[in-house]
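Reader: Please take a close look at one part of this model for me. I would like to hear about the ligand sites and what surrounds them.

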Amino acid sequence: MIISVASGKGGTGKTLVATNLALTLSGKSKVQLLDCDVEEPNVHIFLHSPMNQSQPVFIPIPKVDEAKCTYCGKCAEVCAYNAIAVVKNKVLVFPELCHGCGACSYLCPESAISEEGREIGVVERASLGNLEFVQGRLTVGEAMAPPIIREVKGHIDPTSMVIIDVSPGSSCPVVEAVKGSDFCLLVTEPTPFGLSDLSLAVEVMRKLDIPCGVVINRDGVGDDKVESYCQEQGIPILLKIPLDRNIATLYSKGVPLIEGMPQWHKSFLRLFQDIEGILTSQVAK
Ligand code: SF4
Ligand code: SF4
């Protein structure tokens, strides 16, 4: 089963939920925790484990053989990202804009374009007993998160329970990370901003046809509009984490909630059982 943990906006406690859910489940079975928030991966802060494997991620960018090039301009025409331009007798490639789609080399009539790899980040792995941790890290200044996310997800073991920490928002990296999930937990806080971003995230999940449920973090901080929205939309609220100084202190020290306050173990186990229940009832329909 693949459960992704997403949130419409940053700082809602998505990593807290993903990490504690994975640690809880790893007490009994094999779990993979994938940090697909590749622009700012921070699951590692809570695992305190050195990464024992690291592999670079490359995207293929065009390399033009000027001896073969006729400067016909076809490559610039087909590039949807303005990453290649033909000016007089020169072909210019802008690597930071290139998505590595290969269209220019495929369509060059003179076969003047070959491809070379450009490193955009790394995928790192660590093992902690039953828990396998995989994280992607996009190099600072790079913009292309999806290829790193795909690389992280390439490590998914179908025999394992998989928890994915998704980047905040509702853009391409989110879609790439949640694609293929059986269920998505949307973490939010009970504020007008939380509600606004939650409703965008719900739309994305509906478009992708991924069932979802909500976790309300810092419960008590705002109003009850998130609860009313979930009720209207038929979205189950599966867990509430109160606004609590002790929880905030543990988080700021990088201590997982279930370690610092073991009574939460039961709540995360129940969260998982509720997800299982929802998925089972959907199959039965
Ligand atoms: S499509 Fe090929 S031949 Fe035409 S300008 Fe681009 S590299 Fe040169
Ligand atoms: S590989 Fe794709 S994105 Fe990159 S320059 Fe060629 S057409 Fe543009």
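Author: On a 1 Å grid over the protein atoms alone, a cavity is a set of points where a 1.4 Å probe fits but cannot get out. A molecule sits in a cavity if more than half of its atoms lie within 2 Å of its grid points. Ligand 2 takes up the largest cavity. Ligand 1 sits in the second largest cavity.

This is a predicted model, where local features need pLDDT of at least 70, side-chain atom pairs count only at pLDDT 80 or more, and totals for chains, interfaces and linings use all residues. Residues are numbered from 1 along each chain as its sequence is written, ligands are numbered from 1 in the order in which they are written, and side-chain values use heavy atoms, with hydrogens and water left out.

Start with ligand 2. Around ligand 2 (a heavy atom within 4 Å) are P62, C79, Y81, A83, C98, H99, G100, C101, G102, A103 and C104. Eight of the shell residues are nonpolar, three are polar and none is charged. Here Ala, Val, Leu, Ile, Met, Phe, Trp, Tyr, Cys and Pro count as nonpolar, Asp, Glu, Lys and Arg as charged, and the others, Gly among them, as polar.

Now ligand 1. It has 13 residues around it, and C69, C72, G73, C75 and C108 come nearest. Nine residues of this shell are nonpolar, two are polar and two are charged.

Last, the domains. Their bounds come from an automatic or database domain assignment. Domain 1 covers 2-56 + 121-284, and domain 2 covers 66-111. Their C-alpha centres lie 39 Å apart.

Technical notes. 1 Å grid on protein atoms, 1.4 Å probe; cavity = no way out; pocket = protein on both sides within 12 Å on 5 of 7 lines; lining within 4 Å.
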